[in-house]
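Subject: Structure handover

Hello,

Here is the structure I said I would pass on, with the sequence alongside. My notes on what was found follow below.

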Amino acid sequence: MALPNKDYSPGLEGVIAAETRISFLDTEREEIVIRGYNLLELIRLASYVEVVGLLLWERLPTPEERAALERSMVESSVPNAIYDILRRLPSTMHAMDRLRTAVSALAGFDPEANSSDAASEIARAPRLIGQIAQIVANLSAIANGQEPQSFVPGRSFAENFLATLVRRSVTPAEVRAFEQSLIAYSEHELPNSTFAARVVASTLADVYGALTSAVASLKGPLHGGANEAVMYMLLEAGTPEGLEQLIRAKLARKERIMGFGHRVYMRRMDPRAQLLKEVLHELIRQRGEGHLYADMCQRGEDIMRAEKGLFPNLDYYAAPVYYLLGIPIELYTPIFFAARTAGLLAHIIEQHRENRLYRPRVLYTGPRGLRL
Ligand SMILES: CC(C)(COP(=O)(O)OP(=O)(O)OC[C@H]1O[C@@H](n2cnc3c(N)ncnc32)[C@H](O)[C@@H]1OP(=O)(O)O)[C@@H](O)C(=O)NCCC(=O)NCCS
């Protein structure tokens, strides 16, 4: 059957590829809907653990359920064999590649790894989210020859995650800024990594295979890899004037500026970026330092709006927040993945529940009729 050209949308732009009850980017009403709630309100008022409960169970947890969920996430333990595997990998390997290997290897330590039964997947999800956060928090330390640290029972998930990442005690204001970034990253409809996970899950392959494909997708600089690229750009620039020069030079060479543009919000500001910008300013106010990064980001934002009509995405403002918190730059994209694991699991579970195999067609432009 020949497919008419009108069915082809390069990059699947504008194509509706899944029916979901999880989230929706309502650009007309400028709202990111997460299971019926506005993501911005969740970032302002909820805890990350509550959002995990909402994503997995389709409703906010009660206080007792939230406490039990947080305990299972904090008290989940990472098998020593996973840390052994990470120790054997070259420390020059990109952190997302090390994470991809660890996520794949976790399957070997889950007796139910091959089950694509939704009830089993929901029950195992909190442990997996806790394990992935602990692996991410220890990735750089292991590459530097240090011992991994486990999360401490009785401390919140967000505090444990941040304190393990930076290996020092952290203030409540720092924990809240970090937690708000986790919520901002937790779920965002159907980006490339979530689509990749759903495509793999649609063969009824298991959670670990689907998550591994999502790590691979998220590494790319057009997707999650943008947050670390933004930080390298800010450090290279050094000052607002330096950033202006750098951006103008890149634009003259027709290069892309990381942290700007978005398939869905191309000509408007990503609402999550606006909120992370507020988080950055609040963090700077609390610490009384770091104004340089806010000034640089503002200059970059102004130039890109004037020159290209492009606006920042979440990664643009997450980068300086993580930098001020003292998080190693190579871990910015792994943190995005750890935060997104909850959303990814919700999608994988939904795909398994209401499955239809993904198998699209092509617009063939190659030769025909060749003879041997
Ligand atoms: C996110 C992104 C991949 C979306 O891309 P897309 O929907 O496929 O849009 P296109 O690549 O077709 O870009 C449309 C136009 O905007 C330009 N553009 C888009 N993002 C740009 C950026 N960050 N810097 C410079 N120009 C950009 C493109 O060059 C293109 O211009 P043209 O029509 O003159 O060729 C793109 O905006 C990008 O590369 N951003 C930088 C990476 C990033 O921050 N990723 C994180 C996303 S959350």
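Three strands form an open sheet in the order β1-β2-β3, and the pairing is antiparallel. Its edge strands are β1 (23-26) and β3 (37-38), each of which pairs on one side only. Please keep in mind throughout that this is a predicted model.

Between β1 and strand β2 (residues 31-34), which run antiparallel, there are four bridges. One of the residues to look at is F24, whose bridge partner in β2 is V33. Another is L25, which has I32 as its bridge partner in β2. The hairpin of β1 and β2 has four residues between the strands, and E30 takes a positive phi there, near 55°.

As for the chain as a whole, there are 16 helices and three strands. The C-alpha atoms fill a box of roughly 70 × 55 × 45 Å, taken along the principal axes. A compact globule of 372 residues would have a radius of gyration near 21 Å, and the chain has 21 Å, so the two agree.

The chain is divided into two parts: domain 1 covers 26-219 + 330-353, and domain 2 covers 226-325. Their C-alpha centres lie 25 Å apart. Domain 1 puts 19 residues into the contact, and domain 2 also puts in 19 residues. On the side of domain 1 that touches domain 2, the elements giving two or more residues are α1 (39-45), α7 (157-166), α8 and α16 (332-353). Which element gives the most to that side? The answer is α8, with seven residues. By type, the residues on this side of domain 1 divide into twelve nonpolar, four polar and three charged.

Two packed helices are described by the angle between their axes and the distance between the axes. Helix α8 (residues 172-185) packs with helix α13 (residues 271-287) at an angle of about 170°, and the axes are 10 Å apart. An angle over 145 degrees counts as roughly antiparallel, and α8 and α13 are therefore roughly antiparallel to each other. From α8, the contact is made by A173, A177, Q180, S181 and A184. From α13, the residues making the contact are R272, L275, L276, V279, E282, L283 and Q286. Taken by type, the residues of the contact of α8 with α13 comprise seven nonpolar, three polar and two charged.

That is the end of my notes.

Regards

Terms used: Residues are numbered from 1 along each chain as its sequence is written. This is a predicted model: local features need pLDDT of at least 70, side-chain atom pairs count only at pLDDT 80 or more; totals for chains, interfaces and linings use all residues. Axes are lines fitted to C-alpha atoms, for helices over the stretch in contact, and angles run from 0 to 180 degrees between N-to-C directions. Angles under 35 degrees count as roughly parallel, over 145 as roughly antiparallel, 65 to 115 as roughly perpendicular and the rest as oblique. Two residues are in contact if their C-beta atoms, placed from the backbone, lie within 7 Å. Ala, Val, Leu, Ile, Met, Phe, Trp, Tyr, Cys and Pro count as nonpolar, Asp, Glu, Lys and Arg as charged, and the others, Gly among them, as polar. Domain bounds come from an automatic or database domain assignment. Two strands pair if DSSP finds at least two bridges between them. The radius of gyration is taken over C-alpha atoms; the globule rule is 2.2 Å times the number of residues to the power 0.38.
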